[in-house]
Amino acid sequence: MFKSLDVKALGLSPTQSETIELALSFGFRSVDLDLVEFAAEVAAYGLPRARRLLDSAKLKVGTVMLPPDWQREKDFKAAQTKLNELCGLAALLGARRALTIIDPASDERPYHENFAFYGQRLGELGRALEPHGLKVGVGFESSSAARQGKQFEFVHDFEALLVLLSTAGAANVGLWLDVWQIWASGGSLDEARKKLRRGQVVAVSLSDAAETDDADRYEAESRRLPGETGLIDSAAVLTSLAEIGYDGPVTPAPGRKLISSMRRDQLVKRLGEKLDAAWKAAGIGPTGKLAASASH
């Protein structure tokens, strides 16, 4: 596994050259890209110019985020043309992992009908992205606020997501493992770690949880830096991932509430340090695998 940086999720808006400098300076081997934003750069300046800095820095593309159209269009084919264009571009950049989040509620279909709909739609999505060599990592949203005002609740915890993914019938559709979302939904991280299987995890987001006296500790803005409070055992998560042979990106995902006052370079440096500490505590070596002494 390797360390990836997602500047947009941190609320930052550096240029591509600044992003690359931050990643290289603080030990990140890849960056997560906003695919729609990058496609706009390609349209404006051409692919060679848009990608030249990434190529010269020899940074991987950790993940790309899919636009949500695939789950909101009544006819999947209406979204597929746009997806094919974007995913073809992602493949040219060497991206191998695309992410999406399931809508946690609906006004259109009750739970059982929505479950059948998404099982079929995720299978269609996987088959559409397969020719581009892309895996699809599917995540969930635990926040109750995301379900307010909707008629029907839908998947918003780890167990339900695993069942849904099992119905997709596409080998390249897997799990976006956001450990904070599991914690915030009331799930057991120990139990979740036991259920992880080789080849199942597409991408990982890592953060810690707020202290018990934090009023909004279950809102994403309150996420802490990995290892900050110890309520989420980042090292144990990484060890479990290494044991199943996970070889993808690990992206730190703190909430914006407590990092907004930090300078950009200070923040990314701190993220790199926290990931390094978790790596060391998990017994993971420079190659992203368990060191020999830790694997016994």
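## Strand β6 and its neighbours

G137 stands opposite G174 in β8. Strand β6 and β8 run parallel and are joined by 3 bridges; two strands count as paired if DSSP finds at least two bridges between them. Strands here are DSSP runs of E with at least two residues, helices are runs of H or I with at least four, and both are numbered from the N terminus. On another pairing of β6, 5 bridges join it in parallel to strand β4 (residues 97–101), and T100 stands opposite V138.

Of the 5 residues of β6, 4 are buried, so the strand is largely enclosed by the rest of the structure. Buried means under 20% relative accessible area, exposed means over 50%, and partly exposed lies in between, with a 1.4 Å probe and protein chains only.

## Basis of the model

The model is predicted: local features need pLDDT of at least 70 and side-chain atom pairs count only at pLDDT 80 or more, while totals for chains, interfaces and linings use all residues. Residues are numbered from 1 along each chain as its sequence is written, and side-chain values use heavy atoms, leaving out hydrogens and water.

## The barrel

The pairings of β6 belong to a barrel that 8 strands close in the order β1-β2-β3-β4-β6-β8-β9-β10, with parallel pairing. From one strand to the next the twist averages 30 degrees. Axes are lines fitted to C-alpha atoms, for helices over the stretch in contact, and angles between N-to-C directions run from 0 to 180 degrees. Strands of a sheet pair through backbone hydrogen bonds, either parallel or antiparallel.

The bridge partner of L33 in β3 is V64. Helix α7 (residues 158–166) lies across β6 (135–139) and β8 (173–178), at about 165 degrees to β8.

## Helix α5 against α6

Helix α5 (residues 76–92) and α6 have axes that come within 10 Å and cross at roughly 35 degrees. Contact, defined as heavy atoms within 4.5 Å, is made by F76, Q80, L83, N84 and C87 of α5 with R121, E124, L125, A128 and L129 of α6. These residues divide into 6 nonpolar, 2 polar and 2 charged. Ala, Val, Leu, Ile, Met, Phe, Trp, Tyr, Cys and Pro count as nonpolar, Asp, Glu, Lys and Arg as charged, and the others, Gly among them, as polar.

## Helix α10 against α11

The axes of helix α10 (residues 234–243) and helix α11 (residues 264–282) come within 8 Å and cross at roughly 60 degrees. That makes α10 oblique to α11, given that under 35 degrees is roughly parallel, over 145 roughly antiparallel, 65 to 115 roughly perpendicular and the rest oblique. This crossing is right-handed. S234, A235, L238 and T239 of α10 meet A278, W279, A281 and A282 of α11, a set of 6 nonpolar, 2 polar and no charged residues.

## Two single residues

N114 is found in helix α6 (residues 111–129) and is buried, with a relative accessible area of 2%. Not counting residues up to four places away in sequence, N114 touches S106, R109 and F154. N114 and S30 are 84 residues apart in sequence and 35 Å apart in space, C-alpha to C-alpha.

K58 lies in the loop between α3 (47–57) and β3. K58 counts as exposed at 73% relative accessibility. Its phi is near 60 degrees, a positive value in a residue other than glycine.

Terms used
A crossing is left-handed if the near helix is turned anticlockwise from the far one by less than a right angle, and right-handed if clockwise.
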